[in-house]
Amino acid sequence: MDNAAIEEMFEPLGPVSIRRMFGGKGIYHNGLILALEVSGEILLKADAATAPHFESAGARQWSYESNKGKPVAMPYWSIPDEALDDPEEMAKWLRLAYEAAVRAQK
């Protein structure tokens, strides 16, 4: 996904900066990482307070395989399908991701 498309997707939240990382991109708002782009997919940050919302909306938690062959779950989730075509719904999920990023800094 190119940077212009990412910036447009995150427009309801406000300006974002994008940095290359992990073979993908880190997406930041107000200096806090709130999302990743991995293999063309945007993954939003979640925590104990917000992960249940992502799960109940049918989102998938991102994981990768460790050197020992075991899956490692990360605090990033796919965007719920209903948000992909609805800017108001997308804004809700972006706010949840940003709130999780803020809590992670405390």
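The model is predicted: local features need pLDDT of at least 70 and side-chain atom pairs count only at pLDDT 80 or more, while totals for chains, interfaces and linings use all residues. Residues are numbered from 1 along each chain as its sequence is written, and side-chain values use heavy atoms, with hydrogens and water left out. Helices (H or I, at least four residues) and strands (E, at least two) are DSSP runs, numbered from the N terminus.

**Helix H3**
- H3 covers residues 87–105, and its 19 residues should span 27 Å at 1.5 Å a residue, which agrees with the 27 Å between its end C-alpha atoms; the expected span is 1.5 Å times one less than the number of residues.
- A side-chain oxygen of Asp86, at the start of H3, lies within 3.0 Å of the backbone nitrogen of Glu88.

**Strands S2 and S3**
- Six of the seven residues of S3 (residues 32–38) are buried.
- S2 (residues 24–29) pairs with S3 in the antiparallel sense over five bridges; pairing requires at least two DSSP bridges between two strands.
- Tyr28 has Ile33 in S3 as its bridge partner.
- Two residues separate S2 and S3 in their hairpin, and Asn30 in the turn has a positive phi of about 55°.

**Strands S3 and S4**
- S3 and S4 (residues 41–45) run antiparallel, joined by four bridges.
- Leu43 in S4 stands opposite Leu36.
- The hairpin of S3 and S4 has two residues between the strands, and Ser39 takes a positive phi near 55°.

Notes. Buried < 20%, exposed > 50% of the residue type's maximum accessible area, 1.4 Å probe, protein only. Polar contact = N/O pair within 3.5 Å; in protein donor to acceptor, adjacent residues only side chain to side chain.
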